[in-house]
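This briefing is organised by topic for a reader who has the sequence and coordinates at hand. Please consult the structure alongside the points below.

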Amino acid sequence: MLQGDERLDYLLAENLRIIQSPSVFSFSLDAVLLAKFAYVPIRSGKIIDLCTGNGAIPLFLSARTKAQIIGIELQERLADMAKRSIAYNQLENQIEILQNNVIGIADVIGYEKYDTITCNPPYFPAIDASEKNIREHVAIARHEIHLTLEQAVRSASELAKQGGKVAFVHRPGRLLDIVTAMRANRLEPKRIRFVYPKEGKEANTLLIEGIKDGKPDLKVLPPLYVYGADGEYTEEVRQMLYGEGE
């Protein structure tokens, strides 16, 4: 089942396993944060995860909902890893991975049909092709080589039904860009949360959720700190990662 340098990691809070590779892709804390932040229907509905990578967010969400989940991933290697992880966890009846481009995906799976869309898009501008030290799989996942922020927002809006919720994780420096793109694509920002490495530091992660054709009313949630003064994960992050206290 595992190929090359792949390993089978634990998702402790969900009691699931995921295939990862240090040379191709491993999910980051951002995926955990987004999966915990996003609204999901509990019993039924349809969820799409754009830029799904190795399928971490669909796996996380499967522990929160019985809704059907589709992950969209452009890169064949990552989509294959995601499919094998889902099969290992026997979640084929709930989660489907499609290897496809996020741009225009509504033409493939349908417009305005989905209750929740999540997206952890590439954060950084496209890199110079001469930067050989950056691995291709990682570069595509992190840099706007095949997908810009605006394109990701537009695709998410095309998929979301009226009243559907769309959640993104990004960098605080792109806040105005993402709000502008959301509003231009009928997604009204409704909830926002900033994530900080620890108290006293600048925020380094942004979580934002909008509603398709929603009314303006933005709630700014309490800050989330990843590490405490002791250098250990805070109680909230520990619970997200390990399920402690549940």
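At what angle do helix α1 and helix α8 pack, and how far apart are their axes? In this predicted model, local features need pLDDT of at least 70 and side-chain atom pairs count only at pLDDT 80 or more, while totals for chains, interfaces and linings use all residues. Residues are numbered from 1 along each chain as its sequence is written, and side-chain values use heavy atoms, with hydrogens and water left out. Helix α1 (residues 29–37) packs against helix α8 (residues 235–242) at an angle of about 95 degrees, and their axes are 10 Å apart.

**Overall composition**

- The protein contains eight helices and eleven strands; these are DSSP runs numbered from the N terminus, helices being H or I with at least four residues and strands being E with at least two.
- Of the 246 residues in the protein, 48% are buried, where buried means under 20% relative accessible area, exposed over 50% and partly exposed in between (1.4 Å probe, protein chains only).
- Among contacts with a separation of 6 or more, 68% are between residues 24 or more positions apart; contact means heavy atoms within 4.5 Å.

- Two packed helices are described by the angle between their axes and the distance between the axes.
- Axes are lines fitted to C-alpha atoms, for helices over the stretch in contact, and angles run from 0 to 180 degrees between N-to-C directions.
- On the α1 side, Leu29, Val32, Leu33 and Lys36 take part, and they meet Val237, Met240 and Leu241 of α8.
- By class, this contact of α1 with α8 has six nonpolar, no polar and one charged residues; Ala, Val, Leu, Ile, Met, Phe, Trp, Tyr, Cys and Pro count as nonpolar, Asp, Glu, Lys and Arg as charged, and the others, Gly among them, as polar.

- Asp30 lies in helix α1 and counts as buried because its relative accessibility is 8%.
- The side chains of Asp30 and Arg171 are joined by a polar contact of 3.3 Å; a polar contact is a pair of N or O atoms within 3.5 Å, where within protein one must be able to donate a hydrogen and the other to accept it, and residues adjacent in sequence count only if both atoms are side-chain atoms.
- Ala31 is also in helix α1 and, at 5% relative accessibility, counts as buried.
- Leaving aside neighbours within four places in sequence, Ala31 contacts Ala56, Ile57, Phe60 and Asn120.
- Ala31 and Cys119 are 88 residues apart along the chain, with 9.1 Å between their C-alpha atoms.

**Helix α3 and its surroundings**

- Helix α3 (residues 76–88) has 13 residues and reaches 18 Å from its first C-alpha to its last, close to the 18 Å expected at 1.5 Å a residue; the expected span is 1.5 Å times one less than the number of residues.
- Leu78, Ala79, Met81, Ala82, Arg84, Ser85 and Ile86 are the buried residues of α3, and the elements they pack against are β2 (16–20), α2 (56–62), β4 (68–73) and β5 (95–99).
- Asn54, in the loop between β3 and α2, is buried, with a relative accessible area of 0%.
- Not counting residues up to four places away in sequence, Asn54 touches Ile18, Ile19, Gln20, Phe25, Phe27, Leu78, Met81 and Ala82.
- A polar contact of 3.0 Å links the side chains of Asn54 and Gln20.

**Residues with positive phi**

- Most residues other than glycine have a negative phi, and most peptide bonds are trans.
- Cys51, not a glycine, has a positive phi of about 60 degrees; Cys51 is in the loop between β3 (46–50) and α2 and is partly exposed, with a relative accessible area of 21%.
- Gln90, which follows α3, has a positive phi near 55 degrees.
- Glu112 has a positive phi near 50 degrees; Glu112 lies in the loop between α4 (106–109) and β6 (114–119) and counts as partly exposed at 39% relative accessibility.

**The loop residue Lys198**

- Lys198 is placed in the loop between β8 (187–196) and β9 (205–212), and at 38% relative accessibility Lys198 counts as partly exposed.
- Leaving aside neighbours within four places in sequence, Lys198 is in contact with Tyr225 and Tyr227.
- From C-alpha to C-alpha, Lys198 and Tyr225 are 5.0 Å apart in space, and they are 27 residues apart in sequence.
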